[in-house]
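The exercises below are meant to be worked with the sequence and the model open side by side. Please try each task before reading its solution.

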Amino acid sequence: MTEERKSLVFSSPPDDVDAVHEFLETVWGANPDVSEFDRMAFETALIELASNVIQHAGGSGGVTCVLSVTADEKGLAASLADTADEGGIVLMGREMPEALSESGRGIPLIQALVDELHYERLDERNVWTILRARTA
């Protein structure tokens, strides 16, 4: 398998995480050797990330995102750049919040499903990166 990179631009509204699901179907179609387990973990993490970006973007103008996914024999990587305001985001440990907490599970869930999660603010954009090594 050679490295393949696919990209998607979407805006919410009108788009939602369904656009990401449909996009990932094209990624999996081009990379049929990615295991079901790796697909499920990576896709769940990416959908959670996109959902959080859409939900917390704020503002009446919505948010535009550029999503790039790379698959190769070593692993899966995604970069999600969004136009939302800087949110003072600090990535903490992988611990889930208390059982009765009403929020705060998104980032720990993503971290549990991937090997690396990075966030940085670049050129007035939030840039999220997730990496997952492929299982043997």
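**Exercise 1.** Which residues does threonine 83 touch, not counting residues up to four places away in sequence?

*Solution.* Begin with the conventions: this is a predicted model, in which local features need pLDDT of at least 70, side-chain atom pairs count only at pLDDT 80 or more, and totals for chains, interfaces and linings use all residues. Residues are numbered from 1 along each chain as its sequence is written, and side-chain values use heavy atoms, with hydrogens and water left out.

Then list the contacts, meaning heavy atoms within 4.5 Å: with residues up to four places away in sequence set aside, threonine 83 touches Val63, Thr64 and Arg125.

**Exercise 2.** Find how far arginine 125 lies from threonine 83 in sequence and in space.

*Solution.* Along the sequence the two are 42 residues apart, whereas their C-alpha atoms are 5.1 Å apart.

**Exercise 3.** Determine why threonine 83 counts as partly exposed.

*Solution.* Buried means under 20% relative accessible area, exposed over 50%, and partly exposed in between (1.4 Å probe, protein chains only). Threonine 83 has 34% relative accessibility and therefore counts as partly exposed.

**Exercise 4.** Describe the chain as a whole, from its elements to its burial.

*Solution.* The chain has three helices and five strands, which follow the pattern β-α-α-β-β-α-β-β along the sequence. Of its 136 residues, 39% count as buried.

Terms used: Helices (H or I, at least four residues) and strands (E, at least two) are DSSP runs, numbered from the N terminus.
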